[in-house]
Amino acid sequence: MKTTPHSPAAARGPADHEVRDQIVAAATEHFSRYGYEKTTVSDLAKAIGFSKAYIYKFFESKQAIGEMICSHCLREIEDDVKAAIDAVEGPPEKLRRMFKTIVESSLRLFFQDRKLFEIAASAAGERWQATLDYEERIRNLLQEIVQQGRLSGDFERKTPLDETTRAIFLVMRPFLHPLILQYNFDYTEEAPAQLSSLVLRSLSP
């Protein structure tokens with residue numbers, strides 16, 4: 001069934017972060033054990049010990065809870081990428097690290113728990129807002145690196161910046177998307193280095 005994308009921040013009800021976090025933590029454990037698709041809000045309410053109506057004071061749907069969990073996971077990947085970029089000097093090496101870290105962190109977080117993978121798959125397949133926001137932040141990080149490379153003289157400047165950024169992002173995207181990434185396991189060891197080298201050659205001034 002097609003759902004309407006919405007932001008985790010749009011969860012309704014009192015702004016009681018402690019209770020909301022408690023619901024998310026319990027839901028994460030429940031989804032991990034029984035799976036996202038097979039779990040209903042009634043199942044969660046029974047497992048957590050809250051009434052269904054009480055959960056709806058904080059989250060408008062099961063998807064809203066799933067979006068919050070997904071958002072937390074995507075933030076972990078993003079934090080890993082930022083740390084990897086900040087740890088090296090020079091735009092070319094930053095780009096290499098970005099490719100490598102996205103693949104490693106995505107593999108770890110999307111597939112360390114096959115039940116929770118269902119949430120990531122739903123988020124990507126249905127284009128939840130958490131996924132759209134994550135992709136936009138990754139594109140912005142990528143654009144910053146490209147811009148730095150142009151200013152340092154490492155990258156060409158003839159192609160419009162947004163066109164260059166989008167093209168590189170499309171090369172990177174199969175390793176951001178869990179539904180596609182699961183079919184690329186055989187290439188995850190070599191792909192980051194080879195693809196980043198290919199991109200860097202195309203960026204050469």
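Reader: Let us start with Leu181: buried or exposed?

Author: Leu181 is buried, at a relative accessible area of 0%. Buried stands for under 20% relative accessible area, exposed for over 50% and partly exposed for in between, with a 1.4 Å probe and protein chains only.

Reader: What kind of model is this, and how are residues numbered?

Author: This is a predicted model, in which local features need pLDDT of at least 70, side-chain atom pairs count only at pLDDT 80 or more, and totals for chains, interfaces and linings use all residues. Residues are numbered from 1 along each chain as its sequence is written, and side-chain values use heavy atoms, with hydrogens and water left out.

Reader: Back to Leu181. Which helix is it in?

Author: Leu181 belongs to helix H9, residues 178-181. Helices here are DSSP runs (H or I, at least four residues), as are strands (E, at least two), numbered from the N terminus.

Reader: And which residues is Leu181 in contact with?

Author: Setting aside neighbours within four places in sequence, Leu181 is in contact with Ser106, Leu107, Phe110, Phe111, Pro174, Phe175 and Thr188. Contact means heavy atoms within 4.5 Å.

Reader: How many helices and strands does the chain have?

Author: The chain comes to 10 helices and 0 strands. Its C-alpha trace spans about 60 × 35 × 30 Å along the principal axes, and 46% of its 205 residues count as buried. Among contacts with a separation of 6 or more, 73% are from residues 24 or more positions apart.

Reader: Which residues have the most contacts inside the largest nonpolar core?

Author: They are Ile65, Met98 and Ile138, in a core of 54 residues. A nonpolar core is a set of buried Ala, Val, Leu, Ile, Met, Phe, Trp, Tyr and Cys residues joined through side-chain atoms within 4.5 Å. Elements giving two or more residues to this core include H1 (17-34), H4 (62-86), H5 (91-111) and H7 (129-152). H4 gives the most, with 9 residues.

Reader: What does Ile138 touch?

Author: Beyond neighbours within four places in sequence, Ile138 is in contact with Met98, Ile102, Phe169, Met172 and Leu176.

Reader: At what angle do H4 and H5 cross?

Author: The axes of H4 and H5 cross at roughly 150° and come within 9 Å. H4 is therefore roughly antiparallel to H5. Axes are lines fitted to C-alpha atoms, for helices over the stretch in contact, and angles run from 0 to 180 degrees between N-to-C directions. Angles over 145 degrees count as roughly antiparallel, under 35 as roughly parallel, 65 to 115 as roughly perpendicular and the rest as oblique.

Reader: Which residues of H4 and H5 meet?

Author: Among them, Cys73, Leu74, Ile77 and Val81 in H4, and Met98, Ile102, Leu109 and Phe110 in H5.

Reader: What about Glu78, buried or exposed?

Author: Glu78, in helix H4, is buried, with a relative accessible area of 2%. Apart from neighbours within four places in sequence, Glu78 is in contact with Tyr134, Arg137 and Leu141.

Reader: Last topic: what is the phi of Arg127?

Author: Arg127 has a positive phi of about 55° although it is not a glycine. Most residues other than glycine have a negative phi. Arg127 lies in the loop between H6 and H7 and counts as partly exposed, at 29% relative accessibility.
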